[in-house]
Structure formats: structure tokens, C-alpha cells
Amino acid sequence: MCGLAGRFHPDRLPPDPSWPARAATLLAHRGPDGEGHWSDERCEFVHRRLALIDLSPTGHQPMGNEDGSVWVVYNGEIYNYRELTAELKRRGHRFRGTSDTEVLVHLYEESGEQMVSLLRGIFAFAIYDRRQGRLLLARDRFGVKPLYYARHAGQWVFASEMKAILALAGFRPEIDRQACYDFLGLGYIPEPATGFANIRALPRASTLTVGAAGEHVREYERIEPRPDRARTMAQAVDSASSALLGAVQAQSVADVPVAALLSGGIDSSLVVAAHSRATGQGTTTFNVRFPDRAHDETPTALAVSAHYGTQHHTIDLGERALTPEAILDLLRHFDQPFADTSFIPTYWISRAVRDRGIICTLSGDGGDEAFGGYHRFWLANRLVRAMQLPAWVAGAARAAADRLTGWTHDWGRQVAKAVRLAQAGRVDSAVLLAGLSSYLSEEQKRELVLPLARKRLAPAYRHFDGFHPPGVSDLEELSRRLSQTLFAVSLPSDMLRKVDMMSMRASIEVRVPLLDEDLVTLGLTLPHRLKTDGRTGKLVLRELARRWLPSAGQASQARVHDSAGRHAHGRLSRGARRPAARAGGPHEGPPGPYARGALAAPVPGRAGRAGRPRRRHQPCGAVSAGVRDPLARAVAAGPPALMVSGRAEP
């Protein structure tokens with residue numbers, strides 16, 4: 001992982017001699033192992049290196065091809081770089097080193113812009129073609145690695161973080177009122193918006209080509225669920241096992257040690273198990289101990305660590321991590337509004353990993369989106385039943401729930417909102433999907449913002465739009481739309497943004513095996529019945545956990561070394577041993593926009609949409625994974641594929 005920045009002008013760059021040094025300094029946390037700079041009259045590249053593969057000088061960036069006609073700066077990991085290198089060598093390309101970066105310049109020579117479809121991994125890169133006078137920016141399929149860009153004084157400027165763009169001489173950021181209004185409800189700013197009207201995020205699975213004729217954005221792959229109703233649980237679990245082993249093996253390749261973040265949830269525990277099974281080796285694992293025992297999964301993390309023989313460290317968040325100054329410092333680092341409070345433990349566990357001399361880890365992020373891990377998936381079963389109620393019954397239920405709101409802690413409010421969402425979803429699923437994803441409803445946002453200030457501002461429904469027909473009443477179709485909008489809206493904008501910004505601030509790389517292309521493709525073929533039974537979710541991964549992870553009895557006594565040099569005993573709680581039929585499912589997220597429940601506020605009808613054109617739905621994002629159920633509870637409980645299409649946006 002690295003930090004990159006650059007400028008490009010089709011004719012000649014305007015002078016700004018001090019900008020490369022300013023950009024390199026602002027991105028130093030992303031790459032403390034080296035700094036590079038290259039320029040000609042039309043293009044300038046800046047790079048900060050975090051060295052993981054080919055630690056020698058041949059891995060230095062910016063990197064050119066043999067004759068210097070193609071140059072690249074790159075952030076990420078290409079997991080199939082060895083296979084691509086072998087093929088390119090057979091075609092006559094000559095390599096100076098063994099880094100995955102060098103694959104990019106030769107692959108561009110071979111395939112041009114179409115090269116991105118051949119890459120497996122997480123990446124954001126810029127390629128400058130000197131002969132053609134052209135710049136190519138590209139970003140990975142799911143938006144794991146960020147890339148921002150802006151146009152200023154006739155030039156295009158781009159960077160891994162917006163702070164490097166803001167450092168450009170004469171650049172004046174402009175507040176994006178619409179993006180800030182969206183933030184009020186969602187708790188994050190949906191890409192490609194950034195909070196600044198004159199800075200954009202390059203969308204996931206997209207390229208931006210810039211030349212004398214202007215700029216052109218192309219979506220090179222679309223992510224769409226296509227449930228295979230004939231798929232069985234046994235087939236799905238076998239396929240998940242094989243795909244996860246392959247993903248972890250490929251993502252464990254580095255010239256430095258690769259550790260793992262072991263929260264104690266199903267996803268991270270399966271990644272640790274897959275690492276042991278795929279490599280035959282133990283690794284170093286880390287988790288954060290939460291003061292609230294209801295949200296703390298340390299005992300389960302210790303049990304998994306003991307079972308697979310990892311060297312485990314438990315990190316306790318000290319008072320320093322929770323001071324207003326520390327939290328505000330992290331919030332400022334995002335360069336835009338962000339309200340998912342799980343960024344706090346994400347940063348401090350990343351910092352602890354770095355303090356122990358490790359710079360590369362595997363994580364369990366990304367499994368909830370494809371495999372149905374969020375509460376909204378089993379809530380869908382009830383919402384569809386509510387959609388099927390006669391209008392008079394639904395009205396009576398809503399009125400009764402409204403009256404009970406003042407007499408119950410939460411039940412009346414949640415039922416009232418559920419009925420409203422179900423009724424709205426029959427007409428327009430965007431209202432339902434937005435309601436499940438938002439902390440504040442559009443009605444509550446209107447109460448917070450003065451009429452003049454919200455003039456010409458659109459509701460957040462448009463981010464969940466584009467389905468035909470707009471309404472939904474079929475459970476399988478609702479589940480499909482839930483998956484698609486998770487990949488479309490919040491995965492790059494919330495969860496992956498949090499992980500990248502906080503881990504790279506601590507100068508470590510976090511790899512995400514559960515977002516391997518084959519594994520996601522499998523998840524997107526699952527019918528709803530293989531995602532949830534109406535009481536809990538991620539049924540396929542839970543069944544795989546039964547095969548791979550320690551049972552409650554095996555894990556009842558776990559003795560491992562924690563971060564303070566003490567020995568901790570992990571005993572699975574009585575609640576963790578309850579069957580899944582009696583246990584609750586995983587939380588949507590940490591305290592913040594998602595922890596207050598999917599039914600947090602009343603949702604009005606879809607007002608304010610008249611005259612607004614529907615946009616073609618473009619999948620992407622996901623809600624942050626947050627804290628999950630204790631693993632032992634899950635263990636006791638017993639392609640709609642990746643669509644590939646090249647599409648030019650107007």
C-alpha cells in the first residue's frame with residue numbers, strides 16, 4: 001500500500017514547484033518507506049512507498065517501462081501478478097524486478113485501458129502514456145483503495161487523499177451542500193461526492209481517461225446479484241470453503257510478515273482459519289477489547305487463536321484513545337464528514353499492529369454484503385409480510401404502533417416505521433432501501449435544516465434508485481436489491497473508506513479476502529433462503545464456521561498471550577452457547593448511524609421527487625461491519641453473479 005498524487009495537463013503543466021514536496025509530506029503516513037517523484041512538461045507523479053513486495057530499489061515508484069514511454073504510480077496489491085508476469089514474459093516483455101507494480105506498465109503496453117479487467121486485487125493507479133499524451137486513472141472493483149481527482153487551471157490533479165489536492169497552489173475548495181445534506185441521514189457522504197463540489201472520487205470499477213479531447217469516465221464492471229434458486233447449502237459451503245482458501249492464500253503473499261485482525265466474529269475467524277489451512281502456518285493476530293461486555297468478543301477471539309496456534313495480542317483502548325482531542329484528530333484526517341464511530345477502534349488496532357513492527361494484515365471486512373450478514377436481510381422477511389397486509393390492516397397497525405410509541409422503550413416506534421417502509425416499498429423500493437440505510441429520515445432532516453438552506457436539495461432516495469419496476473413485494477427481489485445497494489452505496493463510502501483511512505494513517509496495509517472476486521461472485525448467486533432463515537444471517541458462512549472453528553466445549557478454556565504481556569483466559573459465555581434459534585443476529589454496526597436499529601425513525605412518503613430523472617443503478621458499497629455476535633453462538637447454531645460489462649458514462 002502506498003500514497004500517490006499527480007498532475008496532468010494535455011499541453012503544459014502550470015508551474016507549482018513546491019507542490020510535489022507538500023503532497024509527499026501530506027501523504028507520508030501512507031508510505032514511510034520511501035519517496036519518489038517524476039515529471040515532464042505535461043505530467044507529474046508523486047509517490048510514498050509502504051514496501052511489501054520487492055523491497056529492493058527495483059520496486060521504487062514512479063516506475064517506467066524500458067524506454068520511458070509509460071509511467072505509473074500505484075497504490076494496492078495485484079494478487080494475480082505472478083500469473084500476469086509469466087504471460088507477459090512469454091510475450092516478450094522484460095522485467096527488471098519482482099514487484100506487482102511493474103506488471104501494470106507492461107500490461108498497459110499490451111492491453112491499454114482494457115488492462116483493468118485482467119487485474120485481481122485492490123488498487124488505485126495512474127498511468128501516463130507519453131506517446132499518446134494521455135492519462136489513465138483506475139480503481140478496483142469494490143472501491144477498496146481510494147482515488148480523488150479535481151480539475152483546476154486547465155490541469156487534472158489527483159491523489160489518494162484529498163489533502164494533497166487541497167495543497168495545490170490557488171485551489172479553493174467549495175462546499176457541496178447536497179453531499180452534506182446526504183450526510184445528515186446516512187452518516188457518510190456517498191461517492192462520487194466528497195463534500196467538496198470541486199473534488200470527486202473516482203467511482204469503484206471505473207477508469208478516467210484524460211487527453212486533448214477532454215475526460216471520459218468508463219465503468220468497466222457492474223456488480224449485480226443473480227440468485228441461483230437451485231443452489232443447495234452443501235454446494236454453497238463447499239464453494240465458499242474453496243474460494244476462501246484460495247483468496248487467503250493469494251493475499252498472504254508478501255515479502256514481509258502478514259498478520260490478521262481477529263475480532264472474534266465469524267468473518268475474521270474464518271479468515272484466520274483459512275490462513276492456517278491454506279499456508280500450514282500460524283500467524284500473529286490482534287483484537288480490541290471493548291469495555292462493554294455485551295459488545296466484546298475477546299473470549300471468542302482467544303478461543304480461535306488457541307485453536308489455530310496464533311500469537312495473539314488483545315488491545316485495550318486506553319483513555320487516551322477516547323479523549324475529544326484524539327477523536328477530533330482522527331475525524332480531521334478523513335477530509336470530509338464521517339460518523340461511523342468504529343473508526344476509533346479501527347485506528348487504534350492498526351496503530352497497535354504497527355507498533356509491533358507489522359505492516360500487513362488480513363481482515364474479515366466485506367463478508368456481510370454478499371452473504372447476507374446484516375439485520376436488514378432477515379428484517380426483509382417481515383417487511384414482505386407487512387407489504388401483503390390489506391391496506392386497512394396496515395393502517396390500523398401503524399396507528400396502534402404510533403400510539404404505543406410513548407409507552408414502550410422502542411417497540412412502538414420500530415413497528416410504526418416498519419409498516420411505513422413496507423407500504424412505501426410496494427410503490428418505490430428506493431424509499432424502503434434508503435430508510436433501512438439512514439440514521440435520520442428525510443422528515444427529520446427537514447426539521448433540522450431551514451427551508452432556505454435546503455432549497456433545491458434532493459432526498460437520499462436517489463442513491464437507492466434505478467430498479468424497474470420501482471416497487472417491490474417479492475422477497476427474493478427485495479433481497480437482491482438489498483445486496484445490490486449495499487455494494488452500490490456504502491461499501492466504498494463508509495466501511496472501506498474507514499478501513500483505508502484509519503489503517504493507512506497508522507501506516508499498515510489491510511487486505512480483505514472476503515472481497516475476493518470469486519468469493520463475491522459466489523455470494524451474489526445465493527438465494528435469500530441461503531442468506532437468512534429470518535432469525536439470523538450469513539447462513540453459508542455460519543455453516544462453514546461449524547466445520548472450521550472450535551465448538552463451545554473445545555473453546556471453553558483458551559490461554560493466550562495478550563498485548564500487555566499477561567495471559568488471558570477466554571471462556572465462552574453462557575449466552576454464546578445458545579442455539580441460533582434463540583440467539584440474536586449480528587449488529588448492523590457500532591454505536592453510531594447503524595447501532596440504533598434499522599427502524600430508527602418514521603419515514604414519510606417519497607416527497608420532492610417530481611421531475612427528477614431516474615438514474616441507472618450503479619452497484620457498489622456497504623455498511624460497516626461493526627461488532628458481530630459471539631462466534632460460538634453462531635457455531636452452536638448450527639453467477640446473480642459478478643457481471644462484467646464495459647460501459648461508457650455520458
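Phe-45 is buried, at 0% relative accessibility, where buried means under 20% relative accessible area, exposed over 50% and partly exposed in between, with a 1.4 Å probe and protein chains only. Trp-38 is also buried, with a relative accessible area of 13%. The structure is a predicted model, in which local features need pLDDT of at least 70, side-chain atom pairs count only at pLDDT 80 or more, and totals for chains, interfaces and linings use all residues. Residues are numbered from 1 along each chain as its sequence is written, and side-chain values use heavy atoms, with hydrogens and water left out.

The model contains 10 aromatic pairs. Rings of Phe, Tyr and Trp (its six-membered ring) pair if their centres lie within 6.5 Å; planes under 30 degrees apart count as stacked, over 60 as edge-to-face and the rest as tilted. Trp-38 and Phe-45 form a tilted pair, 6.4 Å centre to centre with 50° between the planes.

Another pair is formed by Phe-142 and Phe-487: the ring centres are 6.0 Å apart and the planes stand at 50°, so the pair is tilted. Phe-142 lies in the loop between β7 (134–139) and β8 (148–152), while Phe-487 belongs to helix α17 (residues 475–505), so the pair ties together parts that are 345 residues apart in sequence. Helices (H or I, at least four residues) and strands (E, at least two) are DSSP runs, numbered from the N terminus. Phe-142 is buried, with a relative accessible area of 4%, and Phe-487 is buried at 1%.

Cys-180 is partly exposed, with a relative accessible area of 28%, whereas Cys-360 is buried, at 0%.

Confidence is given as pLDDT, the predictor's confidence in each residue, from 0 to 100. The mean pLDDT of the protein is 84, and 81% of its residues reach 70 or more. Over residues 553–650 the pLDDT is below 50. Beyond near neighbours in sequence, this stretch has 332 contacts in the model, a contact being heavy atoms within 4.5 Å.
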